[in-house]
Amino acid sequence: MTSALGPTFIDPEWLISTFGLVGILLIVFAESGLLFGFFLPGDSLLFTGGLLIAGGTYLHQPLWLMCLLVSIAAIAGDQVGYLFGRRFGPALFRRPNSRLFKQENLTRAQEFFAKYGARSIVLARFVPIVRTFTPIVAGASHMYYRTFLLYNVLGGTLWGCGVTVLGYFLGQIAFVKSNIELILIGIVLVSVIPIGIELLRSRRKRRRVS
């Protein structure tokens, strides 16, 4: 079964209606630092969560509690990713490709980290796929832990609260309420723009070298 956003199991509204707040927290945690979490719908999930809280559908927790718990889950996920990268980083870069792991995703995060340094921990929060692998790369690069922790807390809070609050306030607009799926598709498209730009830049560099 599929929707305009893809298979049902990654459709934000289906996930929330089925698993509730606990499901949101587990997905945010997994997408923030576990290797297999890169395909999960983090941005659209939080935005939909804000929408549904505004409409009193499926989620009946206060907005502040949702933001607090999501931020904690995001920060904890990055912590696990950092520790995983610190422990298994070198071996990870030699790992062969599989259905759930692609070296190009790790390389993309590595380039992102090299370009933006410590700021990448915050910026990567708003870039799908890169969001999952950046804390792993930070750990593998032995980034100073206190620096990582500071940027992790900042990035996790900005992303977790920002996207959820945006969904909450836009969810009170009639047009948004009646076009939720269209809005979510737009969010997905906007969120992948940075990846598209980086891919184009990489191709141009390769052409110049060749």
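These are my notebook entries on a predicted model of a protein.

**Ground rules**

I number residues from 1 along each chain as its sequence is written, and my side-chain values use heavy atoms, with hydrogens and water left out.

**Entry 1: overall make-up**

I looked up the secondary structure and found nine helices and two strands. Helices (H or I, at least four residues) and strands (E, at least two) are DSSP runs, numbered from the N terminus. Along the sequence I read the pattern β-β-α-α-α-α-α-α-α-α-α.

I then took the accessibility figures. Of the 210 residues, 45% are buried. Buried is under 20% relative accessible area, exposed is over 50%, and partly exposed is in between (1.4 Å probe, protein chains only). The protein exposes about 11000 Å², with carbon and sulfur atoms supplying 66% of that area. Accessible areas come from the Shrake-Rupley method with a 1.4 Å probe, and for residues only the protein chains shown count as cover.

Residues 24 or more positions apart account for 76% of them.

**Entry 2: α2 against α7**

I fitted axes to helix α2 (residues 42–55) and helix α7 (residues 145–170); they come within 7 Å and cross at roughly 45°. That makes α2 oblique to α7. Axes are lines fitted to C-alpha atoms, for helices over the stretch in contact, and angles run from 0 to 180 degrees between N-to-C directions. Angles under 35 degrees count as roughly parallel, over 145 as roughly antiparallel, 65 to 115 as roughly perpendicular and the rest as oblique.

I noted the crossing of α2 and α7 as right-handed. A crossing is right-handed if the near helix is turned clockwise from the far one by less than a right angle, and left-handed if anticlockwise. On the α2 side I listed Gly42, Asp43, Leu46, Phe47, Gly50, Leu51, Ile53 and Ala54, and on the α7 side Trp159, Gly160, Val163, Thr164, Leu166, Gly167, Tyr168 and Leu170. By class I have ten nonpolar, five polar and one charged residues in the contact of α2 with α7. Ala, Val, Leu, Ile, Met, Phe, Trp, Tyr, Cys and Pro count as nonpolar, Asp, Glu, Lys and Arg as charged, and the others, Gly among them, as polar.

**Entry 3: the two partners of α6**

Helix α1 (residues 12–33) and helix α6 (residues 130–140) have axes that come within 5 Å and cross at roughly 55°. I therefore put α1 down as oblique to α6. Here Glu31, Ser32 and Gly33 of α1 meet Arg131, Thr132, Pro135 and Ile136 of α6. The contact of α1 with α6 divides into two nonpolar, three polar and two charged residues.

Next I checked α4 against α6. The axes come within 8 Å and cross at roughly 70°, so α4 and α6 are roughly perpendicular to each other. The crossing of α4 past α6 is right-handed. From α4 I recorded Asn105, Leu106, Arg108, Ala109, Gln110, Phe112 and Phe113, which meet Val130, Phe133, Thr134, Val137 and Ala138 in α6. The contact of α4 with α6 has eight nonpolar, three polar and one charged residues.

**Entry 4: loops on either side of α6**

Isoleucine 129 is in the loop between α5 and α6. Although not a glycine, isoleucine 129 has a positive phi of about 70°. I count isoleucine 129 as buried, because its relative accessibility is 19%.

Histidine 142 lies in the loop between α6 and α7. I noted a positive phi of about 55° for histidine 142, also not a glycine.

**Entry 5: single residues**

Alanine 118 sits in the loop between α4 (103–116) and α5 (120–123) and is partly exposed at 23% relative accessible area. Not counting residues up to four places away in sequence, alanine 118 touches Met143, Thr147 and Tyr151. From alanine 118 to alanine 138, 20 residues apart in sequence, I get 8.5 Å, C-alpha to C-alpha.

Tyrosine 145 is in helix α7 and counts as partly exposed at 34% relative accessibility. With residues up to four places away in sequence not counted, tyrosine 145 touches Gln79 and Tyr82.

Leucine 26, in helix α1, is exposed, with a relative accessible area of 56%.

Definitions and conventions
This is a predicted model: local features need pLDDT of at least 70, side-chain atom pairs count only at pLDDT 80 or more; totals for chains, interfaces and linings use all residues. Contact means heavy atoms within 4.5 Å.
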